[in-house]
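Subject: Structure handover

Hello,

I am passing this structure on to you. Please look it over before reading my notes below.

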There are 6 protein chains.
Amino acid sequence: MRIKVINPNTNRILTDRIGATARAVAAPDTEIVATVPEAGPSAIESHYDLALAAVGLLQEVRDGERQGIDGYVLACFGDPGLHAAREIASGPIVGMAEAAIHAASYLATKFSIVTTLDRMRIVAERLVVSSGMERHCRGIHVIDMSISALTDSRSNVKGPLIDACRKALHEDRSGAIVLGSGGMAGLGPGLSRELGCPVIDGIAVAVKLVEGLVSLGLSTSRVFDLAPPEPKAYSGILAPFSSE
Amino acid sequence: MRIKVINPNTNRILTDRIGATARAVAAPDTEIVATVPEAGPSAIESHYDLALAAVGLLQEVRDGERQGIDGYVLACFGDPGLHAAREIASGPIVGMAEAAIHAASYLATKFSIVTTLDRMRIVAERLVVSSGMERHCRGIHVIDMSISALTDSRSNVKGPLIDACRKALHEDRSGAIVLGSGGMAGLGPGLSRELGCPVIDGIAVAVKLVEGLVSLGLSTSRVFDLAPPEPKAYSGILAPFSSE
Amino acid sequence: MRIKVINPNTNRILTDRIGATARAVAAPDTEIVATVPEAGPSAIESHYDLALAAVGLLQEVRDGERQGIDGYVLACFGDPGLHAAREIASGPIVGMAEAAIHAASYLATKFSIVTTLDRMRIVAERLVVSSGMERHCRGIHVIDMSISALTDSRSNVKGPLIDACRKALHEDRSGAIVLGSGGMAGLGPGLSRELGCPVIDGIAVAVKLVEGLVSLGLSTSRVFDLAPPEPKAYSGILAPFSSE
Amino acid sequence: MRIKVINPNTNRILTDRIGATARAVAAPDTEIVATVPEAGPSAIESHYDLALAAVGLLQEVRDGERQGIDGYVLACFGDPGLHAAREIASGPIVGMAEAAIHAASYLATKFSIVTTLDRMRIVAERLVVSSGMERHCRGIHVIDMSISALTDSRSNVKGPLIDACRKALHEDRSGAIVLGSGGMAGLGPGLSRELGCPVIDGIAVAVKLVEGLVSLGLSTSRVFDLAPPEPKAYSGILAPFSSE
Amino acid sequence: MRIKVINPNTNRILTDRIGATARAVAAPDTEIVATVPEAGPSAIESHYDLALAAVGLLQEVRDGERQGIDGYVLACFGDPGLHAAREIASGPIVGMAEAAIHAASYLATKFSIVTTLDRMRIVAERLVVSSGMERHCRGIHVIDMSISALTDSRSNVKGPLIDACRKALHEDRSGAIVLGSGGMAGLGPGLSRELGCPVIDGIAVAVKLVEGLVSLGLSTSRVFDLAPPEPKAYSGILAPFSSE
Amino acid sequence: MRIKVINPNTNRILTDRIGATARAVAAPDTEIVATVPEAGPSAIESHYDLALAAVGLLQEVRDGERQGIDGYVLACFGDPGLHAAREIASGPIVGMAEAAIHAASYLATKFSIVTTLDRMRIVAERLVVSSGMERHCRGIHVIDMSISALTDSRSNVKGPLIDACRKALHEDRSGAIVLGSGGMAGLGPGLSRELGCPVIDGIAVAVKLVEGLVSLGLSTSRVFDLAPPEPKAYSGILAPFSSE
């Protein structure tokens, strides 16, 4: 099966890392497609970035439909445009945030999220609420590093990350950590070993979830609520989004 | 003061109607600016439309900042891109949905929403939740008319609308109606008289709210959560959204 | 239009201050009526005070109906008797707490309340819940000063208030402050400048809201839930509250 | 022990009925004191009535403190002034609504409330929320009879009441009924037999609860939140409520 | 009347203490039956213990039905098997947790729970949620002592308990304490005197509640939801639980 | 990898069906172990059955730990003993209810549950709450068939099931169906085709989830909350549950 893992920002190093993480966990017969969208912000670190990132996501899903994609992973913890993407994708699409948050609830009664920047806390909170896990998530912590710092090979990422995880486990009395950024792709297993508790990378979990849904023949409902949008004209720079 | 009322779809008839509604209720010294965004869907009737409509909204706010706008009204019941717009606008911005829903809570202990299409119910529900009014909103009803039908001069809008409002009041035992679409701009007072209860047009209420906030010198907080986004490159068709 | 701003305690200095605050923000053609109720506590600082303060509020609204009042502001953060007042007032009535709390949600994703005494925290909490803003309000802080201290010209109010606001912003990582007492009327703009973030005085916001509702022809619903009470006899000291 | 059962309206027939109900269930060594307050509405059937009824309740509690009362039952389903009364009573005070609602949760996983008038639904809803039992209460039904009809010996109360209970059990698939009015005092056991399920009269349950709390030496906390109000002057018709 | 107080673990010292506590508060004509179940864990200190403790509880209720028991108290703060027990008991059954938590809400607007071990916090949290009192319970604190330490006559229980209560009152600004373990039976009154606030022992409160319900003729509903289970075969060590 | 799928009742036909369903969806290198517990009810159709079924579940997990099991699926929609099992299993364990409910939230904004008997509705409700999906689940419907009827080869199961699903989709305006009983194992794909919307069998989804978690090296946290229980003596028929 072909699964497209969409990083809705335009950071190529990050996309490569996300692709590698997805490939490392995918089943032998799963092909992972990880591309950089043509349009989008270089990083997603504000509501402004999130709102605009939906454009690249939708481009990639539209392309995916022509590429014979069976399912999608949205590899951004903020889940920009997730419902919109569900309306136009024929296969299932799972966000890394919902995947990680629900998985955490199977592994611990309480968990904490560690994300990048202070201003992204509110986004993580929104996802905890929309995933229904307000009682399970006991805290949201930040390492105070931007995506560009996270993907800079000269950065010391692991130190601040382990410190933030330790602080989270101790202060929140949590049993597990959810990594709250696509920029932390691939860091789960190492952190798990170091901390002695589950550290959940939503990209890895979402790949397994989408593989599972596709293999079960389950995809987004076309009844009532997420049916494909009615054909309609789009203007200006959005003209390419008009229905053919 | 100058208030920009942004209809994030590209329907010109609707924009004119929204502008007229806003002007009819604005204070004598308020100038209402109502324009059609360059980019966007011809109507907002799906999550896909909502996600993409944020682009036109943000264009209009960016333009507004150069036009000396004092405050903004987001004239779409789905509130697309509202948080993003708050990050880049120097004046306050209020969504028609939150304005209408909170106003309803001052006028009745229970209210109902009447919106356009069945698939927009879920959007109205999300706004009720984000406005904190789940206990007050007792039902969401639809007239099953698209925006293009609503703005077609040959349509009989009033009949289905009154029927839906009557059904809502009766079934939900509600005391007030919230009009759940920018496409119903200007219909509040007439329906109020017909039904003998408050019928709330969020555009009108939002204009008064923004006038009030501006006159009090209150605008979006720049402390912590809604501070302006860090400068950053945007690619492709979104390049114009890069910081100068 | 005539708006009556009701301070339901009998502190004359406070009523004058509230009246001045209301007048300072009212539109040129709005007449503000601010009177001291005949019956009531000298300050509202307990549930006992709150319960009894409803009597003076209802007296003032009954009088207001004979005085041609178009709309009312309830200038006590505890909102005593608000629903009762809605049943008997022909114009809209907005409480300073709901007005401030909703306004805060338009200006910041998270806010804190600063109120007077420790025992009033629970009242502020109740209002946050009834306004639907539990997720937005991140903390309630006190300055530990009674209403009589707040209105004593020899008191240093500003120092403790700024300290409490700074503590609230820092500890709660909030973007805005809601002033949680009628006794803080008029202090919003100065604190805003000092703190560099929105500081919201509910009396000012409520005046603008009531002006807006009246100008839109919106008032309390008479359908179902807040219809005028059936005529009925009241005994003892409450005999004046019988229907004529 | 002496328990005062306070009906905060001035209907003497109702007070007698409430007193008789309380006496019928009280322990042999419990003395029930049931009096009519000097001030108050002849029935409680609106928010206006509820707000003013707190005055008579507080009068009765003040008197009770001089009469050596050990505990109080608030015999009105709307719980007017309950927190205020807790601040000034030395013994415990339990409202009939919270008592009945919590008892129902021990006897069934789902229950329904049957109350008097349509406009009192919203009051019953508020009590369900404040008692924390929103998931247990599956419906609120009315018999559409005023308190004066309920206490008129010529009225047929039982017929409409049984019909409403049957409808509630059937539609809500509930396992128990909570009687939602002091005016239904004493009707629980007969209805229980007729319907074959628990029918809970909050006055009876509250008497047993208060007997229990008093016998265990438990009363309202004086630490932090419900401490006695600070002494303070009250004006006008409320002057008698000043602290001595 | 005969009330069976069931300690679902097999600690005899604890059962004796629970029985003594129940007898000390029971009415003169109430007979308290307190026995040790044949099957069960020596203490309940994990979800594993809780799940298995339901077996002994159900044995005791089945026996109770042959012993002419009128009502039951479940003397374990974790409420294991409470709904199951309700299905098979003819009289009412109240858990010590729900009894204590609701009683606390009548005595204070905010309370804290003090329990035994860190890992039992999550169980106390679950009970606060199922009792509907999330807004009232402001904290859960532990003394870090096992049940076997609590019932060891050489242990100093009172010291850590008073320290934990003081910490809870101070940090949570709570007005009352709920004792969160059957192992603290009988310690309420002494702690109340020491701390100057209500300290609630759920076993004592539940005994009074069950006495009240039985005296009012109220028992578990047999309509719809908690009707007796259909007869059915049980295998293996559970064969004794088959219907006769 | 070896996954044990535990049907905690003793119905052999059902266990075989569950095993077959699991095998049909498992990856080629996954071995499915599906056994009948020695102790337990012949079907799970009450709280009484649920409480006792935890015994067989825990037996099977204890055995599984000696059998080199890598992960577990709890194949009963009531999730009996799930937290207890997590404390003693070294591999992850997922309940069919949480798996199905979360999967439904990825495929539709609203879903309905179809389960067996009226008295199991309340159990399904509890699981919706504990899974955090109260806003997504719009209704719970029953086919009014016992487990023994469901596994009787002479029964017409499909007819009532399709009728109930159609009713659910229509009345609740839902986009997907969750099958609310282990007794419906294997019926998902056929119903999906018939109804034209996703019909989710929690056993199939849980198998894929557990495969995913095991392949990612993720298992229940041993930090804080779900650590293995302290060794302890168990008495009577539960003696085999003592720690060795």
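First, some conventions. This is a predicted model, in which local features need pLDDT of at least 70 and side-chain atom pairs count only at pLDDT 80 or more, while totals for chains, interfaces and linings use all residues. Residues are numbered from 1 along each chain as its sequence is written, and chains are lettered from A and ligands numbered from 1 in the order in which they are written.

Chains A and B

Between these two chains, 37 residues of chain A are in contact with 37 residues of chain B (two residues are in contact if their C-beta atoms, placed from the backbone, lie within 7 Å). On the chain A side, at least two residues each are supplied by strand S3 (40–41), helix H2 (47–66), helix H3 (82–88) and strand S10 (234–235). Helices (H or I, at least four residues) and strands (E, at least two) are DSSP runs, numbered from the N terminus. H2(A) gives the most to this side, with 9 residues. By class, the side of chain A that touches chain B has 20 nonpolar, 9 polar and 8 charged residues. Here Ala, Val, Leu, Ile, Met, Phe, Trp, Tyr, Cys and Pro count as nonpolar, Asp, Glu, Lys and Arg as charged, and the others, Gly among them, as polar.

Strands also pair across this contact: S10(A) and strand S3 (residues 40–41) of chain B are antiparallel, over 2 bridges. Two strands pair if DSSP finds at least two bridges between them. Tyr234(A) has Pro41(B) as its bridge partner in S3(B).

Chain A is superposed on chain B by a rotation of 180° with 0.0 Å of shift along its axis, at an RMSD of 0.0 Å. Such superpositions are by least squares on the C-alpha atoms of residues with pLDDT of at least 70 in both copies. Ile237(A) is the residue of chain A that comes closest to the rotation axis, at 3.1 Å (C-alpha). The copies meet through the same surface, because 100% of the interface residues of chain A are also interface residues in chain B.

Chains F and A

This contact joins 42 residues of chain F to 42 residues of chain A. Helix H4 (96–107) and helix H9 (202–215) of chain F are the elements that give two or more residues to the chain F side, and H9(F) has the largest share, 7 residues. The chain F side divides into 24 nonpolar, 13 polar and 5 charged residues.

A rotation of 180° with 0.0 Å of shift along its axis also superposes chain F on chain A (RMSD 0.0 Å). That is the relation of a two-fold axis. Within chain F, Gly132(F) comes closest to the rotation axis, at 1.9 Å (C-alpha). Here too the copies meet through the same surface, since 100% of the interface residues of chain F are also interface residues in chain A.

Some pairs of chains do not touch. For chain B and chain E, the nearest C-alpha atoms are 16 Å apart; for chain C and chain F, the nearest C-alpha atoms are also 16 Å apart.

Domains of chain A

Chain A is divided into domain 1 (2–95 + 205–241) and domain 2 (97–202), with bounds from an automatic or database domain assignment. Their C-alpha centres lie 22 Å apart. The contact between them takes 22 residues from domain 1 and 25 residues from domain 2. On the domain 1 side, helix H1 (12–25), strand S5 (93–95) and helix H9 (202–215) of chain A give two or more residues. H1(A) has the largest share of that side, 6 residues.

A sheet in chain F

Chain F has an open sheet of 4 strands in the order S7-S6-S8-S9, with parallel pairing. Strand S7 (137–142) and strand S9 (199–201) stand at the edges with a single partner strand each, so one side of each is left without a neighbour in the sheet. Inside the sheet, strand S6 (residues 111–115) and strand S8 (residues 176–179) of chain F run parallel and are joined by 4 bridges. Val114(F) stands opposite Leu179(F) in S8(F).

Regards
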